[in-house]
Amino acid sequence: MDAMSLDPKIAARLKRNADGLVAAIAQQYDTGEVLMLAWMNDEALHRTLTTGRATYWSRSRGEFWVKGDTSGHVQHVKSVALDCDGDTVLVKVDQVGAACHTGDRTCFDADRLEIALGQA
């Protein structure tokens, strides 16, 4: 196995989208707080597993990004798991500072949607 490639047993379990990516959910390891959704390809997952720093694939920039390298808001990886279908990765992290690029702690606290309970 090449030193810079994902373990073939893990790679075989992944179900990638048409761009070769899987969704990656970052979650605070001790509170369960969902922090953000990003994307990983095989190399980003390999880097995450081997460095202990959350590494993602930026679809807009077309390059890898290690969370916190520019912002200082680092994600220290505590565990990584695949979902039952192999199309989503759960990355449990210890988040330093904000997870969202807007400066918020989580990407999911700014725009809560109303739920119409009891309506058909």
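Visitor: How many disulfides does the count come to here?
Guide: Zero disulfides, going by the rule that a disulfide is a pair of cysteine sulfur atoms within 2.5 Å. This is a predicted model, where local features need pLDDT of at least 70, side-chain atom pairs count only at pLDDT 80 or more, and totals for chains, interfaces and linings use all residues. Residues are numbered from 1 along each chain as its sequence is written, and side-chain values use heavy atoms, leaving out hydrogens and water.

Visitor: Is C100 buried or exposed?
Guide: C100 is buried, at 10% relative accessibility. Buried means under 20% relative accessible area, exposed over 50%, and partly exposed in between, using a 1.4 Å probe and protein chains only.

Visitor: What about C84, buried or exposed?
Guide: C84 is exposed, with a relative accessible area of 77%.

Visitor: Which residues does R13 touch?
Guide: Setting aside residues up to four places away in sequence, R13 touches L82, D85 and G86; contact means heavy atoms within 4.5 Å.

Visitor: New topic: where is A99?
Guide: A99 is in the segment after β6 (88-95); strands are DSSP runs of E, at least two residues, and helices are runs of H or I, at least four, numbered from the N terminus. A99 is buried, with a relative accessible area of 2%.
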